[in-house]
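Please consult the sequence and the structure shown here.

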Amino acid sequence: MALCSSVGALALPSELIVHIFSFLSDRDKLRASAVCSRWRECLFYPALWTELKLRVGGGTNGGGSGSEQTPRLEFLMRKFGSFVRELQLEFAPLDGCLSPLQHGMEAVESDPQFAKDAMVTYLDQVLCVLGSLRNNRNLLKLSLYGDTCILQDDGILDSSYLSQVDQGGKRMKEIQQLFEEILSNSRQLKWLSSAFMLGVVTPCSLASLSNPSTSSLEHLSLIDNQLPSLISTIELERLIHLRSLSLEFCDFTSDMCRLLACGDRTPLHRLSLLLNGAALDVKPLDGTATEDDWKALVRHSTNLRYTVWSHNLVAISRLRGSNLKVLEVSEESIDFDPDQSVYIEGDPVHNLVKEVSLGLGRVWHPSMDNSVVLNEPTQHFHREMQSFSAGM
């Protein structure tokens, strides 16, 4: 970077320095800012940081511990939180903490204090981020993902355990309040996604969304493995220009489907449904969309594309059985987990056809097209849903 090392660079006007920064990668911006204090001041010019993507881990295998990363996160959010327009954040309390030889929760179960520390760090980091965004009125995109499913699935994050690290639930309540403040202060939000973020979203959160943002919002994804639905039909009715929706299969009700099929609404282009196996035991499927509801939605949203995992198709066929008269899914909409090849021999499409046919009690075939093979659940559902919805 010859320009930065020249004496003339020190005398450049701020506007020109910012213009130079705009052509550099994030890493080169940081290097160039070392020229002098004026260049360092220009580094944080709002126009240079309209988008921020971060993954904050809690592990110690090379990436630093969570407590070490928190000050760095605080610095970035203090600098950018009030004006950043697009923020994508992934929180991973156990990032780098489990070695390839440690399966599941072995490491956590053998050291309960470690899990507590990871959760304390997670709560601190979420509070840091949301607190910095609370007054950001220019936010266009907010995407939060919590890589906490391992902890939740093994009961590490149950209410009794959380009470040990968050007595009285004070931090959780503060997190929920901050999230609602962000929604109420927003003025032009177009993308709102919160997936598996423990304690952030409640069934009342969406009601806080400001009226201007209800008109501008185009993508909505609220998934948290909670038993109560995080999206109600009443709140969905306010989002008249919604073009992309992601939620749990059990929460996509007949009323929602009929609402989205109304002629006075913007047609839906993307629909991603997550079938939560644990929720099936306590959530009835009686209220989910019927065949007539789906047909009406497809007629209204001619460009609609609703993705589904292959094992979820098998589960649906077994749950509905012969009562499900129509199950039309194009092959390009089916996601195949490559890990299945480890314990299931043969062609994955052939195995899927066989299993679904057995569940329905009749011969079934997907409409043929190029298949799409994706990776491991939860995290990849979130990431693929993001790219899938971004293509609308």
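**Helices, burial and cores**

L73 is found in helix 5 (residues 66–80); helices (H or I, at least four residues) are DSSP runs, numbered from the N terminus. The model is predicted, so that local features need pLDDT of at least 70 and side-chain atom pairs count only at pLDDT 80 or more, while totals for chains, interfaces and linings use all residues. Residues are numbered from 1 along each chain as its sequence is written, and side-chain values use heavy atoms, with hydrogens and water left out.

**Surroundings of L73**
- L73 is buried, at a relative accessible area of 3%; buried means under 20% relative accessible area (1.4 Å probe, protein chains only).
- Beyond residues up to four places away in sequence, L73 touches L54, V56, Q125, C128 and V129, contact meaning heavy atoms within 4.5 Å.
- V56 lies 17 residues from L73 in sequence, and their C-alpha atoms are 8.0 Å apart.

**Nonpolar cores**
- A nonpolar core is a set of buried Ala, Val, Leu, Ile, Met, Phe, Trp, Tyr and Cys residues joined through side-chain atoms within 4.5 Å.
- The largest core has 89 residues, of which L220, L236, L245, F252 and L271 touch the most other members.
- Helix 7 (residues 112–133) supplies the largest share of this core, 9 residues.
- Apart from it lies another core of 6 residues, including F196, I223, L274 and W309.

**Helix 10**
- The buried residues of helix 10 are M172, I175, L178, F179, I182, L183 and N185.

How values were computed: Buried means under 20% relative accessible area, exposed over 50%, partly exposed in between (1.4 Å probe, protein chains only). Helices (H or I, at least four residues) and strands (E, at least two) are DSSP runs, numbered from the N terminus.
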